[in-house]
Amino acid sequence: MNEVKCKCGHSNPHGTILCESCGRPVQEKDSNEAVSEKLLDMKYDGSARRSQTYKKTPVDKIWNFFSSVKVGIWIIVLILIASAIGTILPQVMYIPPNVTPEEFYREEYGVIGQLYYQMGFHELFSSWWYMVLIGALAASLVIASLDRFVPLYGALKKQGVTRHESFMRRQRLFSETSSVSKAEEQLETIKDRLKRKRYHVRVENGNLLAEKNRFSRWGPYVNHIGLIIFLFGAMLRFVPGMYVDDVIWIREGETNVIPGTEGKYFLRSDKFVMETYKKDSEDEVFQDALTRVGDGNVVKNYQTNVTLYERQGEAVIGEEPELKKIKDEQIKVNQPLKHDSYALYQVDYKLNELNKMTFSLVDKETEENFGQLTIDLLDPQKEFDLGNGYKVEVASYLPDFYFNSEGEPSTKTRIPDNPAFVFKMISPDKPKGETSFVAIQQTIEPNEDNQLKMKFEGVETKNLSALTVRKDNTLWFLGLGGAIFMIGVTQGMYWNHRRIWIRRSGEGILLAGHTNKNWYGIKNEIDSVLEGTLIEVPKDQSDEN
């Protein structure tokens with residue numbers, strides 16, 4: 001669009017309200033017309049904003065939509081509501097690793113949990129629509145900032161010293177002195193006082209512009225830059241390899257891949273160690289407390305002694321990885337294992353988890369033993385051949401056995417806290433097999449005429465360690481964004497942009513002042529500068545309207 005040329009000769013972008021150079025309202029056709037008594041809207045110094053100028057093309061409409069402060073606020077409200085919903089129930093990353101999410105939410109929280117899962121709220125913070133909201137907020141911040149910053153920067157950079165009379169008269173702080181003797185000396189005195197107050201003073205044709213703390217006007221935009229960097233860092237957390245926050249449960253003697261490392265690193269638990277406070281070995285000040293709690297019941301320290309390995313070569317499906325030992329480490333609370341930007345923290349433990357159970361196949365009457373079998377409760381074998389025609393099949397395995405509401409056997413989780421089995425016992429005399437239901441401390445024989453039974457012989461337990469795996473390459477972005485945001489807050493909060501204009505008008509002098517905030521402060525500052533001069537102290541015209 002064509003530029004708008006002011007009477008002063010300055011060409012302004014289309015949509016400008018106040019001339020960037022002289023401040024004359026562009027709608028005034030003649031300087032001799034009566035000056036409006038309405039105060040000027042000095043927001044963005046009357047500069048031309050794209051959102052208020054161009055409204056025809058689809059790009060214009062998208063720009064105008066995201067440049068609206070109201071739209072930005074509503075996006076923030078939607079993000080807050082969505083984030084609140086995500087905290088009603090635990091996210092999927094915080095549920096036990098050995099259960100399916102659907103079963104967990106349904107069994108732990110009933111209908112509400114099932115609905116929560118089906119609507120995808122269990123993975124809310126990584127969902128596509130939550131990322132869309134974050135992206136929309138970032139777009140709003142960028143567009144709203146550019147829509148205001150660029151024209152404001154241009155208007156402040158191009159502002160002239162000599163301002164139009166209508167601009168002066170319609171400022172909030174204004175005074176008119178009809179005649180001043182020795183005006184040059186008066187202005188020189190004012191100029192020196194303003195410089196002592198750290199104003200940047202420009203003089204043109206006997207007129208004066210004093211300005212300071214313009215940098216404070218950029219505080220909100222610095223805030224936006226910090227927020228944009230912060231949001232970018234938050235979105236990077238969903239980029240593979242940038243952020244890991246996972247939990248690995250590892251048993252003594254086991255070697256497991258460390259989650260989040262893409263199969264590069266493995267960890268072996270050599271031993272779990274737990275120490276408790278002993279009454280006889282502690283200072284006297286702890287004796288009463290240990291007596292109340294119980295000797296040996298207060299944990300002093302728990303740690304996992306581990307060995308860290310790195311996979312050599314490429315991973316091949318079906319083949320055992322070739323591992324190279326990196327180091328041995330003791331992982332204690334607040335003393336993590338750190339390597340290659342990863343950190344493993346000791347967060348929990350479980351003592352004496354059932355690991356293997358041993359049974360014998362015996363005759364019910366004679367107790368004759370036909371063989372023994374050991375079942376790995378984490379990876380149970382389906383069939384055991386005991387020789388001489390005797391076999392045992394695991395028809396059903398319930399790791400955490402209970403009877404559901406319909407009276408049928410079921411399992412709460414996949415963790416072997418209360419294992420139960422349905423065995424099919426095959427012998428030469430009964431090739432079709434006999435069925436037996438065996439749980440801890442109970443054996444249920446569907447058929448009383450069974451010849452065989454499963455006899456419990458023993459159990460093997462292991463200690464478990466819960467380790468949190470952390471990797472965060474986004475902290476630099478989050479820290480930088482937060483620091484820039486606080487700089488912007490300080491910049492805009494503790495300083496304010498102040499301007500004072502003095503214009504010669506025949507024998508008289510016009511004085512006007514403006515600030516983006518703290519009008520009381522600039523009024524007192526102008527009063528002190530004019531003290532002892534013949535120039536009238538400005539009045540606050542907002543009190544008169």
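A cavity is a set of points, on a 1 Å grid over the protein atoms alone, where a 1.4 Å probe fits but cannot get out, and its lining residues have an atom within 4 Å of a point. Grid points are joined across faces, edges and corners, and a volume is the space filled by probe spheres set on the points. The legends below describe a predicted model, in which local features need pLDDT of at least 70 and side-chain atom pairs count only at pLDDT 80 or more, while totals for chains, interfaces and linings use all residues. Residues are numbered from 1 along each chain as its sequence is written, and side-chain values use heavy atoms, with hydrogens and water left out.

**View 1. Cavities and the residues around the largest cavity.** The structure contains three cavities of 30 Å³ or more. The largest cavity has a volume of about 50 Å³. Its lining consists of Leu 18, Cys 19, Glu 20, Gly 23, Met 42, Asp 45, Ala 155, Gln 159, Arg 163 and Phe 167. The charged end of Arg 163 also sits over the ring of Phe 167, 4.3 Å from its centre; this description requires CZ of Arg or NZ of Lys within 6 Å of the ring centre and within 35 degrees of the ring normal.

**View 2. The largest pocket.** A pocket is an open set of grid points with protein on both sides within 12 Å along at least five of seven lines. The largest pocket has a volume of about 1200 Å³. Of its 44 lining residues, Met 93, Tyr 243, Val 244, Asp 245 and Asp 246 are the closest to its centre. Two or more lining residues come from each of α5 (128-158), α8 (219-236), β6 (243-251), β12 (342-363) and β21 (452-472). Helices (H or I, at least four residues) and strands (E, at least two) are DSSP runs numbered from the N terminus. The most is given by β6, with eight residues.

View 3. Six strands form an open sheet in the order β4-β5-β22-β23-β3-β24, with antiparallel pairing; two strands pair if DSSP finds at least two bridges between them. Because β4 (200-204) and β24 (539-540) stand at the edges with a single partner strand each, one side of each is left without a neighbour in the sheet. Five bridges join β5 (residues 207-212) to β22 (residues 498-505) in the antiparallel sense. Leu 208 has Ile 502 in β22 as its bridge partner, and Ala 210 stands opposite Ile 500 in β22. Antiparallel β22 and β23 (residues 508-515) are joined by eight bridges, with Arg 504 partnered by Ile 509 in β23. These two strands form a hairpin with two residues between them, and Gly 506 in the turn has a positive phi of about 65 degrees.

**View 4. A stacked aromatic pair.** Rings of Phe, Tyr and Trp (its six-membered ring) pair if their centres lie within 6.5 Å; planes under 30 degrees apart count as stacked, over 60 as edge-to-face and the rest as tilted. The whole structure holds 30 aromatic pairs. The rings of Tyr 397 and Phe 421 are stacked because their centres lie 5.2 Å apart and their planes are at 15 degrees. This pair links distant parts of the chain, with Tyr 397 in β15 (residues 390-398) and Phe 421 in β18 (residues 420-426), 24 residues apart. Both Tyr 397 and Phe 421 are buried, a term for under 20% relative accessible area, with exposed over 50% and partly exposed in between (1.4 Å probe, protein chains only).
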